[in-house]
Amino acid sequence: MCGIGNIILIALGSNIPSASGAPARTLAAALQRLPAEGLTVRAVSRFYRSPAFPAGSGPDYINACARLEAPGMAPEAVLAALHQVEAGLGRERSLRWGARGIDLDLIAHGARILPDAAGWRRWAELPLEAQMREAPGHPVLPHPRLQDRAFVLIPLAEIAPGWRHPALGQSVAELANALPESEKAALVPLRTPFGED
């Protein structure tokens, strides 16, 4: 495993078809495009089916996480590379938390806390109704809602269980174990690579 200073963790999600096909095929296409943007894929979780969030906001998602490496690439550059991959797969950013063909989230970049501890805490503690309206104009790392999302923590625990959240002091495995059982049970791993079973 790459050192913590170089580790980049991302989450992938899709719940509507893209030009690459059904959601699971879109995730696979996104993973294939990352190296062209300077991001080396080191590990990929299984693909999971999970309920859309917020509840009732669209079809079920296909989610996964990946561990990447990009020595010397700043978080802003990683985020720009992820957005480039999304754009290449037809993503248009309009409705926040709406249905989407592809969503690539930068979850963590080593042990960085951005913009700083106070700024991170502000975004992490933002009430749900404000989260649905407000989006930061800069990277917030680790992802401010990482600790709340089973659809990120469960796949992330497969590929980076020992990565420790620099603001909370807990490992991915500890954060995943602390999730409510009902939320963990709502994630279903795909039985075939593209979920066409």
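H109 is buried, with a relative accessible area of 4%. Keep in mind that this is a predicted model. Why does H109 count as buried? Because the cut-off for buried is a relative accessible area under 20%, and H109 comes out at 4%.

You'll find H109 in strand β5, which covers residues 103-109. The side chain of H109 has a partner too: a polar contact of 2.6 Å links it to the side chain of R112. Which residues does H109 touch once its neighbours within four places in sequence are set aside? They are I7, I8, M73, A74, P75, V78 and L141.

The peptide bond that runs from L141 to P142 is cis, with omega near -10 degrees. There is another cis bond in the chain, from L114 to P115, with omega near 0 degrees. As background, most peptide bonds are trans. As for location, P142 sits in the loop between α4 (128-131) and α5 (150-159), while P115 is in the loop between β5 and α3 (117-124). Here are the two bonds side by side:

| Peptide bond | Form | Omega |
|---|---|---|
| L114 to P115 | cis | near 0 degrees |
| L141 to P142 | cis | near -10 degrees |

Now over to helix α1, residues 23-33, which is where A24 sits. Is A24 buried or exposed? A24 is buried, with a relative accessible area of 2%, so it falls under the 20% cut-off. Between the C-alpha atoms of A24 and Y48 there are 9.1 Å, and the two residues are 24 apart along the chain.

Helix α1 is mostly covered, with eight of its 11 residues buried. Besides A24, the buried ones include P23, T26, L27 and L31, along with the alanines A28, A29 and A30. What do the buried residues of α1 pack against? The list is β1 (7-14), β2 (40-44), β4 (61-69), α2 (75-88) and β5.

Next, the greasy parts. The largest nonpolar core has 28 residues, and the ones with the most contacts inside it are I10, L12, L34, L39, F47 and L82. Two or more residues of this core come from each of β1, α1, β4, α2 and β5. Helix α1 gives the most, with five residues.

Take L82 as one example from that core. Leaving aside its neighbours within four places in sequence, L82 is in contact with I10, L34 and L39, and also with L104, D105 and L106. There is also a second, separate core of 22 residues, and L153, V172, L179 and L187 are among them.

Finally, step back to the whole chain. How many helices and strands are there? The chain has seven helices and six strands, and in sequence order they run β-α-β-β-β-α-β-α-α-α-α-α-β. Of the 197 residues, 49% count as buried. Looking at contacts with a separation of 6 or more, 70% are between residues 24 or more positions apart. The accessible surface of the chain is about 9,200 Å², and carbon and sulfur atoms account for 54% of that.

Terms used:
Residues numbered from 1 in each chain as written. Predicted model: local features only at pLDDT ≥ 70, side-chain atom pairs only at ≥ 80, totals over all residues. Heavy atoms only, no water. Helix = DSSP H or I, 4+ residues; strand = E, 2+ residues; numbered from the N terminus. Buried < 20%, exposed > 50% of the residue type's maximum accessible area, 1.4 Å probe, protein only. Contact = heavy atoms within 4.5 Å. Areas by Shrake-Rupley, 256 points an atom, 1.4 Å probe, with all protein chains shown as cover. Polar contact = N/O pair within 3.5 Å; in protein donor to acceptor, adjacent residues only side chain to side chain. Core = buried A, V, L, I, M, F, W, Y, C linked by side-chain atoms within 4.5 Å.
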